[in-house]
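Please consult the sequence and coordinates alongside the text.

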Amino acid sequence: MHSVMQQPFKTAVLILVWGWLLFLVLAPNLLVVGASVMTRDPVSFLSLPLNLDAYRQLFDPLYLEVFLHSLYMAAMTTLVCLLIGYPFAWALSKVGKQRQLILIFLLIVPFWTNSLVRTYALKLILATNGLLNSALMSIGLIDEPLQLLYTEGAVIIGLVYLLLPFMILPLYSVFEDLKQELLLASHDLGAGRFSTFVHVIVPLTLPGVLAGVMLVLLPAMGLFFVPDILGGSRNLLVGNVIKNQFLDARNWPFGAAASIVLTVTMAFLMFAHRLSKRRIGEEGA
Amino acid sequence: MKKLALAGMLAVGLTGCSSEEPQVLNLYNWSEYMPQEVLDRFTEETGIQVVYTTYDSNEAMYARLKLLDDSAAYDLAVPSTYYVSKMRQEDLLLPIDRSKIEGFDNLDPELVNLDIDPENKFSVPYLWGTTGLAVDTADIEGEPVTAWEDLWEDRFDGRVMLTNDMREVFHVGLRVLGYSGNSTNPDEIEAAYEKLSELMPSVRTFNSDAPRMPYLEGETDVGMIWNGEAVMGKDTMESLEYVYPEEGIIAWLDSFVIPKNAKNPEAAHQFISFVLQPEISALISEEIGYATPNLASRDLLPDEVANNRASYPNATDMINAEFQTDIGDDALQVYAKYWEMLKSGR
Amino acid sequence: MTRWLPRTYLTLVYLLLYVPIVVLVVFSFNDSRTGYAWGGLSLRWYESLFNNRAMVNAMWNSLWLALSAATVSTVIGALTALALHRYRFRGKKLLNGMLFVVMMSPEIVLAISLLALFLLVGLQLGYVSLLLAHVTFCLPFVVITVMARLSGFDESLPEAARDLGASDFTMTRTVLIPVIMPALLAGWLLGFTLSLDDVVVSTFVSGPSYEILPLRIYSMVRVGLKPEVNALGTLLLVFSLIMLMLSQWILIRSKR
């Protein structure tokens with residue numbers, strides 16, 4: 001049935017893509033795992049005695065605080081994105097088909113614009129002499145400019161601004177898929193509006209929520225340029241710690257261990273996402 | 001298979017395109033540390049293009065040079081004192097061929113032949129400067145600020161800026177406690193950390209890219225600044241004053257060095273000679289506000305530059321001043337740990 | 001339920017999303033140096049942008065890099081998508097999963113792992129290292145775009161071609177490629193934009209021999225308010241808008 005000619009084509013394609021992934025994804029990641037169990041060396045970056053010092057260092061109360069603070073900011077970002085994005089995606093799914101296309105287009109336009117430049121634009125707005133303070137002062141709401149720039153809040157605003165579309169898009173797609181009939185059925189059975197929301201809508205949109213959380217939480221821990229520009233080089237993210245360890249302090253094992261924490265977080269979120277999808281599948285069947 | 005071959009050819013073709021350039025000098029320098037005019041004139045005179053890449057800390061510069069190793073194409077870098085000795089001892093530098101350097105004798109005898117590099121085999125001084133207090137007098141009420149210690153006062157809550165430089169910030173903490181700014185004693189460093197973490201709630205931002213900017217932008221009123229940045233800042237904001245703190249300023253000397261993997265050391269030598277011309281040295285000092293070690297250029301400086309105490313401190317200003325020295329990798333690790341804690345704390 | 005509430009909410013969020021962009025564009029024509037106050041209309045920042053040799057050089061480098069990274073990743077990504085769509089083979093699930101992991105990985109993780117690799121094999125950091133890195137993070141996006149197109153594709157067409165005696169390769173060339181062309185273009189444009197925007201990965205794998213625009217912008221915005229950044233941002237915005245409209249136009253046209 002299969003012609004002979006297809007084999008070399010198929011083999012060549014598979015070799016190409018597997019080669020690429022093995023050489024540029026798998027191998028490098030194994031290197032990072034390897035680096036994380038080696039010893040810091042001031043001259044050659046890494047040296048031999050294998051140990052878990054880097055991981056122990058992660059749980060040093062001092063660094064733990066850095067991590068928890070970064071996690072806190074990423075979690076806040078995700079929460080804000082969810083709070084804004086959930087009703088947004090719902091409202092979006094209610095709009096007429098034609099208008100929906102335009103609105104989605106408008107949502108991804110900022111995503112196609114350079115993220116550094118957009119972060120910088122936020123600085124113009126949040127600065128002491130910036131537009132927001134000038135506006136608030138000119139309408140007499142405040143007398144003294146608010147300190148907005150170089151705060152934890154500024155970092156979170158920046159992250160939310162950059163990552164919001166990543167929360168909205170997966171949520172929108174689950175709202176689109178939500179079966180209208182299912183809601184009607186729930187109504188017919190006498191469930192109130194609130195009860196419908198809690199028992200039907202929330203569980204059904206859970207995969208979308210988790211996909212959104214995954215798409216927001218992970219970058220929110222890594223985008224090191226946001227604290228650099230809006231946080232006054234304070235309020236560091238895990239990404240800043242990793243970058244500093246690799247490019248300033250030259251402690252590669254520790255930087256590698258910190259990056260593995262991110263990978264593990266990702267694995268955990270992916271697992272939760274799969275699980276939620278499977279459960280929905282079972283309930284639907 | 002045709003597609004594959006095409007893809008392969010494309011990849012090879014694309015890689016082949018970026019070589020074959022005219023003569024280039026890769027200059028790795030602090031941000032805003034060389035007037036564009038100097039680079040342009042150098043290109044005009046020699047035909048060598050200057051690619052100017054910047055860093056904001058010695059650590060970043062050093063780490064990048066180590067990291068890139070063989071592929072580091074930087075032809076010239078400008079480390080501070082303590083990194084010159086570190087890099088020299090670690091064999092990261094090319095010796096400078098004095099026969100190709102013109103105007104070395106113009107340099108201030110007090111700033112050559114230092115311990116960091118006896119006989120200046122590997123380095124040629126570029127500029128020297130100090131890190132002191134910046135005060136926006138228009139926005140400060142009450143007693144004038146005269147000491148590092150004053151930064152801890154409640155009235156500056158949320159108005160303080162520090163440089164994004166580990167050694168300098170700890171230098172301040174150590175001096176306030178009466179220790180040497182070059183301390184290698186872990187207990188003293190920890191004490192400095194404790195002291196500095198009391199200051200942290202007041203600190204708005206760390207900045208070593210352009211320490212004058214947070215003052216000019218109105219975000220901060222008082223804190224650390226480099227003297228050249230203070231001079232440049234005063235051009236746009238008259239009320240920005242440079243103050244020599246009672247505990248003593250931090251003094252440093254930045255020197256040209258040629259990394260051992262430089263691709264064009266010839267051009268690097270040419271550039272050093274070019275900068276050592278009295279006229280060019282004077283232009284640099286005038287434009288960016290730091291002090292030139294080139295004595296022959298001092299006479300060419302306009303009076304308002306030569307007599308500017310911020311750029312050229314007098315003997316009284318230098319009381320208690322301390323030069324930064326190399327403290328070794330072990331101590332640096334201790335600093336690095338507390339530094340990260342400090343910056344991530346609230 | 002009342003209809004005005006959701007609409008007001010949508011409008012509000014869109015306003016918030018667009019205010020910074022509007023500010024950027026407006027201020028790029030601002031004559032004032034200080035950056036906050038309005039000082040009259042002017043094109044001086046655009047002029048100073050194009051008079052900056054290093055900046056123009058970085059622009060060309062970035063365009064060239066984005067062009068080549070998008071092209072290479074489209075070729076590899078499209079072939080992969082075809083293989084995933086057409087063939088059964090061992091490790092298919094694994095391949096799918098791996099592409100998904102690459103897409104989800106935080107950029108910084110990808111960045112340091114590639115840096116470690118390049119240092120180990122002694123690859124000089126510059127154009128080649130940037131290209132390899134950019135193709136790697138663009139790849140899954142191209143695969144997904146093309147797969148989406150293929151999954152909606154009528155299977156009878158290749159069957160018919162095969163019945164007529166066409167080899168798989170010929171069939172791919174004459175039937176499949178034209179069908180997936182819109183997805184190829186959309187994937188290419190996406191890759192182009194991702195490459196042009198990337199800061200995180202490029203910070204780690206670039207060397208002094210090949211300076212690119214995002215890193216140039218990064219060092220500019222860290223120094224403080226630079227009106228040139230507004231001008232540059234506006235140019236990039238217009239550029240991406242054209243690209244985006246182009247890709248949407250291609251997609252919509254192909255559906256007809």
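**Chain C**

The model is predicted. Chain C contains 11 helices and 0 strands, so that its pattern along the sequence reads α-α-α-α-α-α-α-α-α-α-α. Along the principal axes, its C-alpha atoms occupy a box of roughly 70 × 65 × 35 Å. Of the 256 residues in chain C, 59% are buried. Contacts between residues at least 6 apart in sequence were also examined in chain C, and 73% of these join residues at least 24 apart. The chain exposes about 10,800 Å², of which carbon and sulfur atoms supply 67%. Its side chains include 19 positive and 12 negative ones, and the centres of the two sets are 4 Å apart.

**The loop at C:Ser42**

C:Ser42 is placed in the loop between helix H1 (4–27) and helix H2 (44–51) of chain C. Its relative accessibility is 11%, and C:Ser42 therefore counts as buried. A polar atom of the C:Ser42 side chain lies 2.9 Å from the backbone nitrogen of C:Arg44. Leaving aside residues up to four places away in sequence, C:Ser42 touches C:Ser28, C:Phe29, C:Asn30 and C:Asp31.

**Salt bridges**

Side chains of opposite charge can pair when their charged atoms come close. Over all chains, the count comes to 25 salt bridges. Three of them are listed here.

| Pair | N to O distance |
|---|---|
| B:Lys66 and B:Glu90 | 3.7 Å |
| B:Lys86 and B:Asp329 | 4.0 Å |
| B:Asp209 and C:Arg222 | 3.5 Å |

B:Lys66 forms a salt bridge with B:Glu90. B:Lys66 belongs to helix H3 (residues 58–68) of chain B and B:Glu90 to the loop between helix H4 (81–89) and strand S4 (93–94), so the pair ties together parts 24 residues apart in sequence. B:Lys66 is buried at a relative accessible area of 10%, whereas B:Glu90 is partly exposed at 29%.

B:Lys86 and B:Asp329 also meet in a salt bridge. Because B:Lys86 lies in helix H4 and B:Asp329 in helix H13 (residues 329–344) of chain B, this pair ties together parts 243 residues apart in sequence. Both B:Lys86 and B:Asp329 are buried.

The side chains of B:Asp209 and C:Arg222 form a further salt bridge. B:Asp209 lies in the loop between strand S7 (203–206) and helix H7 (213–216) of chain B, and C:Arg222 in helix H10 (residues 213–223) of chain C, so the pair joins two chains. B:Asp209 counts as buried at 9% relative accessibility, as does C:Arg222 at 17%.

Through shared partners, salt bridges join A:Arg250, B:Lys66, B:Lys86, B:Glu90 and B:Asp329 into one network.

Note on methods
Residues numbered from 1 in each chain as written. Chains lettered and ligands numbered in written order. Predicted model: local features only at pLDDT ≥ 70, side-chain atom pairs only at ≥ 80, totals over all residues. Heavy atoms only, no water. Helix = DSSP H or I, 4+ residues; strand = E, 2+ residues; numbered from the N terminus. Buried < 20%, exposed > 50% of the residue type's maximum accessible area, 1.4 Å probe, protein only. Contact = heavy atoms within 4.5 Å. Areas by Shrake-Rupley, 256 points an atom, 1.4 Å probe, with all protein chains shown as cover. Lys, Arg positive; Asp, Glu negative; His and termini not counted. Charge placed at Lys NZ, Arg CZ, Asp CG, Glu CD. Polar contact = N/O pair within 3.5 Å; in protein donor to acceptor, adjacent residues only side chain to side chain.
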